[in-house]
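Welcome! Keep the sequence and the 3D view at hand while you read.

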Amino acid sequence: MTDTKTQETHAFQAEVSRLLEIVAHSLYSERQVFLRELVSNASDACDKLRFLGQQDAKLIGDDSELRIELAVDKAARTLTVSDNGIGMDKDELVANLGTIARSGTAAFVKAMEESQRKDNPLIGQFGVGFYSAFMVADRVTVDSRKAGTDAAWRWESDGKGSYAVGAGERASRGTSIVLHLKDDAAEFLDEGRLGEIVRRYSDHIAIPIKLGETTLNRASALWMRAKADVTAEQHTEFYRHIAHAFDEPWANLHWRAEGVIEYSALLYVPGSRPFDLFAPERRHGVKLYVRRVFVNEAPEGLVPRYLRFLRGVVDSEDLPLNVSREMLQNNPVIAKIRQGLTGRVLGELEKRAKDDADGYATFWGHFGEAMKEGIFEDAEHGKRVLGLARFRTSTQGDGWASLADYVSRMKPEQDAIYYIAGDDPKAVAASPHLEGFAKRGIEVLLLSDPVDEFWVAQTDAFDGKKFKSVTRGAADLAKFAEAEKKDDAKPDDTPDVAPLLALFRLTLGDTVKDVRASERLAESAVCLVADENDMDIHLERMLRQHKQLKAASKRILEINPAHPLVRALVATVKTDGENAAMQARVGDVAKLLYDQARLVEGDKLEDPADFARRMAAALAAGFPAH
Ligand code: ADP
Ligand code: MG
């Protein structure tokens, strides 16, 4: 015996200790889910073995009937869950059962601690993986032997701050977990009860779960069963198992493709948005099986990137079992499956958008931002994705509008779909550029996802209507009737602003491309717009942030002839325009208004101190001197 076999004591990672405390003290009523968690891990371990066995047949050897076994010892009050899967070596025992690797679980611990409740139903909802064993056991012993090695290792803990690792016992590959049941957990010694729990939570597990001679589950791949044979509860359990998720799936798609290529697919749309939907390394969650054998976690090319929220299984009849990662890339069978799968998913979404608008809106809130990438990334289905897209608009409050809705509400004179883009939804909705549109009852799409600029730039039209930014080019609003002429509306006494514009141009010089009277403003005094052929302001700022673009193009300053300040300035210039001191004061106001327009855009000022000085001077001028 070498000293590597002596027992060592390790402290749990702090998060694990906290989790265990929550688990041990929770009054959670459905604690039988610990069995689902242990069975799920055992099944994963068998999948991993089968997968590695493709490359190295020695790992499986002559012990090829993968299975999970339950055993009870009533005298010793123990329940044992064992599998002949991949097993763990000493380091893996420490890493896997002493820390929390999954950020989801860490987030759960935080949520639990914040909620400060002992009977928190979240536990059942989340499941806490392996550590849920401590809901029913006051001591857990894990013996494991990794496939391809001769040494067995033991992990043991009472779940109170530390665990011990040392020599273990297992005659062959795999893992045995012995639960020393708590006094109040005797029900889990009852065979009938165990069978009931397994059938309820783990029936979808594709390998046999045995208790003595009896197989408790159906032990057939869920996706191979007839669609009508799978209950909603089984879908939920299977989804949680394969996705390592805690929520309910919002939709499932289960079909079998027969013809030139044959495959079965069982896909889920999650009911909530994962925190890492936009992490660069984020992949889809559709596993590839070949004739019931797991071959790849999430092969590239099986699912288009914009559908990366999907979870599930595709099981091909055509690919070879020993298909390598390299072979999967650019594989024509995979490409065909992707096409079929994409069409199916979009079809289902279209159906749901029609039949269940509220549910669809929630779905869109979770995944719309990713979906919109499909508008320009998927040459074949981009148009359909655009039809599925939902938007906030200037007239629909908290509701969502499709482009078809928008088009149906367009004014008779209107020939473009108007939009405004920015990074902050609130700022976008409050933008002065919208005032003239609001006054005439014209709807404007409010775009505030980074991806919006990209699909807009690459999309020619919807239903023959071009997309037009309200912050670029002329507003052309004169052709629209104003929605409500107020009774006390003044006669059109818009003053001649030309002399004022000239003075503004003189003062602002090179900082702007032009100064002109605005049609798009109603309440605000000024705004900045991009010239017709220049890049939209928000897009340009985004590109500059990403260092794709250096110089900013010059903007046009638009001023509102109907604004009281502008009226006053026009009158002043008319009567006192030759006076040099008055010209300087109006020039100061021009600079202030320009800076103000930049602030509204969310831009930085070139010289904030200068702005502050002018502002204070302008305010002081409004009060009598003392
Ligand atoms: P999760 O299954 O979500 O990763 P768990 O807490 O359930 O989290 O399990 C932690 C890890 O412990 C697993 O990811 C796996 O690496 C390892 N593990 C648990 N049970 C087994 C087992 N029976 N065989 C092999 N590895 C296991
Ligand atoms: Mg698990």
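## Exercise 1: a three-stranded sheet

Three strands form an open sheet in the order β20-β22-β21, with mixed pairing. Task: find which strands stand at the edges of this sheet.

Solution, step by step.

- The edge strands are β20 (512-517) and β21 (526-529); each has a single partner strand, so one side of each lacks a neighbour in the sheet.
- On average, neighbouring strands here are turned by 25° against each other, direction ignored.
- β20 and β22 (residues 555-559) run parallel and are joined by five bridges. Two strands count as paired if DSSP finds at least two bridges between them.
- Within this pair, Arg516 of the sheet stands opposite Glu558 in β22.
- Helix α17 (residues 498-508) packs on the sheet and touches β20 and β22, its direction making about 165° with that of β20.

Before going on, a note on the basis of the exercises: this is a predicted model, in which local features need pLDDT of at least 70 and side-chain atom pairs count only at pLDDT 80 or more, while totals for chains, interfaces and linings use all residues. Residues are numbered from 1 along each chain as its sequence is written, chains are lettered from A and ligands numbered from 1 in the order in which they are written, and side-chain values use heavy atoms, leaving out hydrogens and water. Helices (H or I, at least four residues) and strands (E, at least two) are DSSP runs, numbered from the N terminus.

## Exercise 2: two helices

Task: describe how α17 and helix α20 (residues 580-601) cross.

Solution, step by step.

- The two axes come within 9 Å and cross at roughly 75°. Axes are lines fitted to C-alpha atoms, for helices over the stretch in contact, and angles run from 0 to 180 degrees between N-to-C directions.
- α17 and α20 are therefore roughly perpendicular to each other (the range for this is 65 to 115 degrees; under 35 is roughly parallel, over 145 roughly antiparallel, and the rest oblique).
- Among the residues making the contact are Leu503 and Phe504 of α17, and Val586 and Tyr594 of α20. Contact means heavy atoms within 4.5 Å.

## Exercise 3: positive phi

Task: what is phi of His244?

Solution, step by step.

- Phi of His244 is near 50°, a positive value in a residue other than glycine.
- His244 is in the loop between α7 (232-243) and β10 (249-257).
- With a relative accessible area of 38%, His244 is partly exposed.

Technical notes: Buried means under 20% relative accessible area, exposed over 50%, partly exposed in between (1.4 Å probe, protein chains only).
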